[in-house]
Amino acid sequence: MTAGSPSRRRLLPPLWRAAPRRLLREPLGLVLMTAVLALVAASAAAGPLYAESVADASLHRVLDAVPAGTPARDAALVRVNGGVEPARAQEAFLTGALDDVPGLGPTRVTLQSVSTELHPRIYFDPVGPVLTRGSARAPVRLFGVDDPAARLVVVASAPDVTGGIWVPEPVARSTGVGPGDDLVASLSGMPEPADATVRIAGVYAVEADGRTPVTPAGQRLWRDLEAEGYPTDPITRTLRAHLAVADLATTAELADDIDDEVLWSALAPLDSRRPRLADLDRTAEAVADLRLALVGGVGPGATPPALRPGVASGIVDLTGRAHQLADAARRGTAVTTGAGIALALALVVAAAGWSSGRRRHEVRLLAGTGRRPASAGLLHAVEVLPAALVGGVAGWLVARLLVDTAVGAATPSRSTLVASVVWCALAVLAAVALTAAVAAAATRGEARRLRGREERSVPWVLVLVVVAVAATVGLLTRPEESGTALGPLDVLVPPVVVAAVAAVGSRTFFALLRRRRGAARPPTRRTIAGWLAGRRLRAGDPTREVAVTIAATGVAMLVFSLAGLTSTERLVEDRAAVRAGAVVVHNVTTSWRLDPDVPRQVPEPEDGQQIPTEDLPVARNPVLPPGQSVTWRARTTIATTGESVELLLVDPSTFAAAAAWGSEGGPLARARSLLPELARLDAESAAATRRNGVGAEVPAMLVGSVGDLGLEVGSTLAVDTLHLTVRLAVRQSAAAFPSVRTGTLVVPADAFFATQLNEDPRLRPGVRTPRNRPVEFQSDLWSSSVDAAAATLTARGLSANVIASVAEARSSPEYVAAEQARRYQVALGAVFAALGAAAVALGAVRLARRAPAADRMLAWAGAGRRATARARALETAVVLVLSTALGALALALVRPAGGVLIDPGDGFGPPAVLVLPTAALLVGIAWLVATGVAAALAMRLAASSRSAVEVLRGED
């Protein structure tokens, strides 16, 4: 039997064979069903894609927050250290193990002498390598690299010398040697030092400090060494050492000849600047295994305890922090994602119901001919299959685009692609099943009506109001201990409240309109359009109320989601400034380390008398490059009550440029505006103290509330320090201040410390000052630039000690989750807006098709075709304006609760406030214009799609 035989064709009735092509004859229905199925596919496919993308983005955010110069124990690299043995077996074993760690780049091995640190001073000289030629001596440190000529900027070299050392220009000048000359190397400070003759392979250039090798282009060895701990001079420990550089084998051999202890270091960075979190998990696991193996003593060779091998790496901690951020982001968007999928499925139900309504005659015919609801539903599912195929593919592509836009562009892994496709297919199949269920329900309803049974109506407005009230009450009465994550009902507060307000408002408006009688006089040619529009608007039409509700919810949620995103970004910026204080903050222990020219304390008189005022040293705030400032922080007690109070001492003249102030015009702006006046009061108070020799009243800025003291502007109090009591006068107040969480007094440093006279902590300690002098004030360097702060610390010979940064504060899990949730809500807001625009446009199409015969007759009777078109346009304009007005009203009602909805729940200030930016309002206006244009085009196309003969014949 051939494929085209009549027997084969009879297997499927013509109705079923034509079903897949049914929607092709209804362009509007095809577009609508394809769009909603694409939305379902996008909502489902975005889950796996988002999970992987947000995990990788969280890792990149964590890695970006690691400042340059961070020690290896906190950086995204692995460093293995150990003592050099004669056979170097342990070094070979561990460097091989490091090469086997997945995700790491090429290993860089260096050697450096550490006898100075391992041995105390034995006789008169510190222990350390020394190069000697005649009477000239140069203390150095041995340092081995893989290729000295490539790691140094060569000044002069002897190409024929192999196995020699490279010395810096200052050492070459002081010893009078050049390439090819010999020197004697020995270990100073030892009872019977061994020596060895070594040849000079070349001379290399140094930086302006005369010691650090110049870094060749494309190299980072010497810059990385600053973070790892640059070797210090054996004699003057505050200076960097001169390095005698050689290849690894030569360095190990020379160290063995002169009995110098050498530490080897193998450093391996990540092999990718943007790794995936799944890949870095494997790296972290291997690093943890290596560290565990070293703890257990795995590996050949034995070394002294001081040179026992160890692993320094921040990869495990950074990976854990990335997982925290990713988990927080996924939790923050889980509810929103679920709401998006539920909304998409609800749209499928609505679209299927709309399609059944347009085909009511066909549904009635199916019910009247005895077709069962299940059969009708299955037939409708077959009709939807082409739209499901196109919508599924389009939705998956939209999901990729949305995730790339919200999180960042990245190529998904194979497993993620498979998972997203599976979720997409399952969601589309579920949506097709829903359309079948709606069609079956519609057929069953028509069958009931044919049997004379009444329709059951659902009081949807009342349901909306009850749900909105319950959700709002639950949100506003949510206990503080419930945590930071919002529940499903909390997230639904904005759309449900807006929909309830719009529903009640539209029903009230049309009810009032129906109570108002029309004009008693017959309409004229000029007024017939308004008369006809008013007559139709006063007619009871529940679908118009639904359209107004959907449109109002759409525009309000679009504006609300954009406002929520902008407000969250501003809030995170403000709170990051409150948490961190500046772009980067380093602890420097004592401020005089930053100011080499600051005076010393003067010796106290032996007779116990007070130091004369004219003999007191005049301290100053450290002079730093622009954009940097020093702060001092202390917790002291109030002299009269014994209550503790937090003090933050600042230099008002430099603090504004160094601190982070959050969003422009935000809550921190007032505190910044008060600094110039505080600087003036600072100068006056400090001058009075130095002039009179007695501590003057020191001005202070009150931030927040300090305990139960009830302080306000005009209050005075006395606080104790280790040496003297200081009188403070509250002259200013601010609600928020950088790096201030609880109630604090911000005090100008010069006026405060001037009252400490010779005990000013900014002074360099005197000769007889005990070494265990207590540090009362924590000194921190604030900077608006990470690189500038590092340069300042390096120039002062200080190590980086980051205690806070804006980047780290912004990367907290609460903030990441909040921002990701807001971005997802913007996508939902766009869906709501598109749904609202579709509701208005479909309503316009319905107007054009509702009474075409009457419109034609009115036009022929003298009203004119334009009058009926203007009447439809007026009806649509009323719906659009009413939707916008109700949306604005609902948005105003929801706005007070907006702060609760966008607050990330981190416990910091300033309080969250929903801000309506101009951009969001402009987007709302753009929606209004675009929806009006779309409705006009839809009406025009619908009105011109049929001829007058078809209309009057009833071809509807």
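**Entry 1: aromatic rings**

I looked up ring clusters in this predicted model and found Trp632, Phe752, Phe753 and Phe777 linked by ring pairs into a cluster. Within the cluster I took up Phe753 and Phe777. Their ring centres are 5.1 Å apart and the planes stand at 85 degrees, so I logged the pair as edge-to-face. Phe753 belongs to helix 22 (residues 749-754), while Phe777 sits in the loop between helix 22 and strand 20, so the pair ties together parts 24 residues apart in sequence. I then checked cover. Phe753 has 0% relative accessibility and therefore counts as buried. Phe777, at 6%, also counts as buried.

A search of the whole structure gave me 10 aromatic pairs. One of them is Phe655 with Trp782, whose ring centres are 5.0 Å apart with planes at 50 degrees, so I noted this pair as tilted. The pair joins distant parts of the chain: Phe655 is in helix 20 (residues 652-658) and Trp782 in strand 20 (residues 778-783), 127 residues apart. I found both Phe655 and Trp782 buried.

**Entry 2: salt bridges**

Next I searched the whole structure for salt bridges and got 19. I started with Asp181 and Arg133, whose side chains meet at 3.9 Å, N to O. This pair also links distant parts of the chain, with Asp181 in the loop between helix 7 (169-175) and strand 8 (182-188) and Arg133 in strand 3 (residues 128-133), 48 residues apart.

I then turned to a network of salt bridges that links Arg690, Asp750, Asp760 and Arg762. Asp750 bridges to Arg762, with the closest N and O atoms 3.0 Å apart. Asp750 is in helix 22 and Arg762 in the loop between helix 22 and strand 20, 12 residues apart. Arg762 also meets Asp760 in a salt bridge, at 2.8 Å from N to O. I checked cover here too: Asp750 and Arg762 are buried, and Asp760 is likewise buried.

**Entry 3: surface charge**

Last, I looked for charged patches. Which residues form a negative surface patch? I recorded Glu253, Asp256, Asp257 and Asp259. Of these I followed up Glu253, which is found in helix 9 (residues 248-257).

Terms used: Residues are numbered from 1 along each chain as its sequence is written. This is a predicted model: local features need pLDDT of at least 70, side-chain atom pairs count only at pLDDT 80 or more; totals for chains, interfaces and linings use all residues. Side-chain values use heavy atoms; hydrogens and water are left out. Patches are made of residues with over 30% relative accessible area and no salt bridge: like charges are joined within 9 Å, nonpolar side chains (Val, Leu, Ile, Met, Phe, Trp, Tyr) within 5 Å. Accessible areas come from the Shrake-Rupley method with a 1.4 Å probe; for residues, only the protein chains shown count as cover. A salt bridge is a side-chain nitrogen of Lys or Arg within 4 Å of a carboxyl oxygen of Asp or Glu. Lys and Arg count as positive and Asp and Glu as negative; His and the chain ends are not counted. The place of a charge is taken as NZ of Lys, CZ of Arg, CG of Asp or CD of Glu. Helices (H or I, at least four residues) and strands (E, at least two) are DSSP runs, numbered from the N terminus. Rings of Phe, Tyr and Trp (its six-membered ring) pair if their centres lie within 6.5 Å; planes under 30 degrees apart count as stacked, over 60 as edge-to-face and the rest as tilted. Buried means under 20% relative accessible area, exposed over 50%, partly exposed in between (1.4 Å probe, protein chains only).
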